[in-house]
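Here is a short note for a colleague opening this structure for the first time. The points below go from the whole chain to single residues.

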Amino acid sequence: MTTTSGGQAGHPIADREIVISRAIGAPRELVFEAFTQVRHLSRWWGPEGFTTTTRSFEFQAGGIWDFVMHGPDGTDYQEWITWREIVPPERIAMLHGEFRDDPNAFESVLTFEPAGEQTRITMRTVFPTKELRAEAVEKYHAIEGGEQTLRNLAAYVAELTPKGAED
């Protein structure tokens, strides 16, 4: 199950925030690991129909992931993530833009919470301005894309688990 919101009413960043959450039928260590190794990320990252080509990947605080997302229509999207904080297997904070020092980059914090035999992953993204959030939602379908990305993660992790369970 996926839950999505535009942020919490009355919260000072609500008009700049997107929150997407999903329960995934796997232990949080495995779900977290899917974010730590490029061999995993290349198998599930991005919305449906997208593929990813990594140019460089260094998963550590201050490290970067420089990659291209290839859309199903043939459009290439240059992407750049700087890992800001990594707390295995609980939390990842990152800055995501089109290039190093992108002034329009947005911050995302992913939390991985155990929920019985499942993991609740929550992706909280804050844009620099409400206009950039609106553009991401309207032009790039950020909410649907985020939901599809977590669905792709759930399907991929299900392939790695003996039970193959997924919510």
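1. **Terms and model.** Helices (H or I, at least four residues) and strands (E, at least two) are DSSP runs, numbered from the N terminus. By that naming, E159 is found in helix α4. Please keep in mind throughout that this is a predicted model.

2. **Overall make-up.** The protein chain has four helices and eight strands. Along the sequence, their pattern reads β-β-α-α-β-β-β-β-β-β-α-α. The radius of gyration is 15 Å, close to the 15 Å that the globule rule gives for 167 residues, so the chain is as compact as a globular protein of that length. Its C-alpha atoms fill a box of roughly 45 × 40 × 35 Å along the principal axes. Of the 167 residues, 43% count as buried.

3. **Strand β2.** This strand is mostly covered: eight of its eight residues are buried. Which residues point which way? E17, V19, S21 and A23 point one way from β2, and I18, I20, R22 and I24 point the other way. Both sets are buried.

4. **Pairing of β2 with β8.** The two strands pair in the antiparallel sense, over eight bridges. E17 has V126 of β8 as its bridge partner. R22 stands opposite I121, also in β8.

5. **Pairing of β7 with β8.** These strands run antiparallel too, and nine bridges join them. Within that pairing, L110 has M123 of β8 as its bridge partner. The two strands form a hairpin with two residues between them. In the turn, G116 has a positive phi of about 65 degrees.

6. **Helix α4.** Does the span of this helix agree or disagree with its length? At 1.5 Å a residue, the 19 residues of α4 should span 27 Å, and the end C-alpha atoms are 27 Å apart, which agrees. The buried residues are I143, G145, G146, Q148, T149, L150, N152, L153, A154, Y156, V157 and A158. As background, an α-helix has 3.6 residues a turn, so residues three or four places apart point the same way.

7. **E159.** Is this residue buried or exposed? Its relative accessible area is 57%, and the cut-off for exposed is over 50%. E159 is therefore exposed. G146, by contrast, is among the buried residues of α4. The C-alpha atoms of E159 and G146 are separated by 20 Å, with the two residues 13 apart along the chain.

8. **The largest pocket.** It holds about 1,000 Å³ of space. Of the 35 residues that line it, the closest to its centre are E79, H96, F106, Y140 and A142. Elements that give two or more residues to the lining are β2 (17-24), β5 (76-87), β6 (91-97), β7 (106-115), β8 (118-126), α3 (130-138) and α4 (142-160). Which element gives the largest share? That is α4, with six residues. By class, the lining has 17 nonpolar, twelve polar and six charged residues.

9. **A cis peptide bond.** Most residues other than glycine have a negative phi, and most peptide bonds are trans. This point and the next two concern departures from that pattern. The peptide bond from P88 to P89 is cis, with omega near -15 degrees. P89 lies in the loop between β5 and β6. Please look at this bond in the viewer.

10. **D101.** Where does this residue lie? D101 is in the loop between β6 and β7. Its phi is positive, about 65 degrees, although D101 is not a glycine. At 70% relative accessibility, the residue counts as exposed.

11. **H141.** This residue is placed in the loop between α3 and α4. Phi of H141 is near 55 degrees, again a positive value in a residue other than glycine. At 46% relative accessibility, H141 counts as partly exposed.

Notes. Residues are numbered from 1 along each chain as its sequence is written. This is a predicted model: local features need pLDDT of at least 70, side-chain atom pairs count only at pLDDT 80 or more; totals for chains, interfaces and linings use all residues. Side-chain values use heavy atoms; hydrogens and water are left out. On a 1 Å grid over the protein atoms alone, a cavity is a set of points where a 1.4 Å probe fits but cannot get out, and a pocket is an open set with protein on both sides within 12 Å along at least five of seven lines; lining residues have an atom within 4 Å of a point. Grid points are joined across faces, edges and corners, and a volume is the space filled by probe spheres set on the points. Ala, Val, Leu, Ile, Met, Phe, Trp, Tyr, Cys and Pro count as nonpolar, Asp, Glu, Lys and Arg as charged, and the others, Gly among them, as polar. The expected span of a helix is 1.5 Å times one less than its number of residues. Buried means under 20% relative accessible area, exposed over 50%, partly exposed in between (1.4 Å probe, protein chains only). Two strands pair if DSSP finds at least two bridges between them. The radius of gyration is taken over C-alpha atoms; the globule rule is 2.2 Å times the number of residues to the power 0.38.
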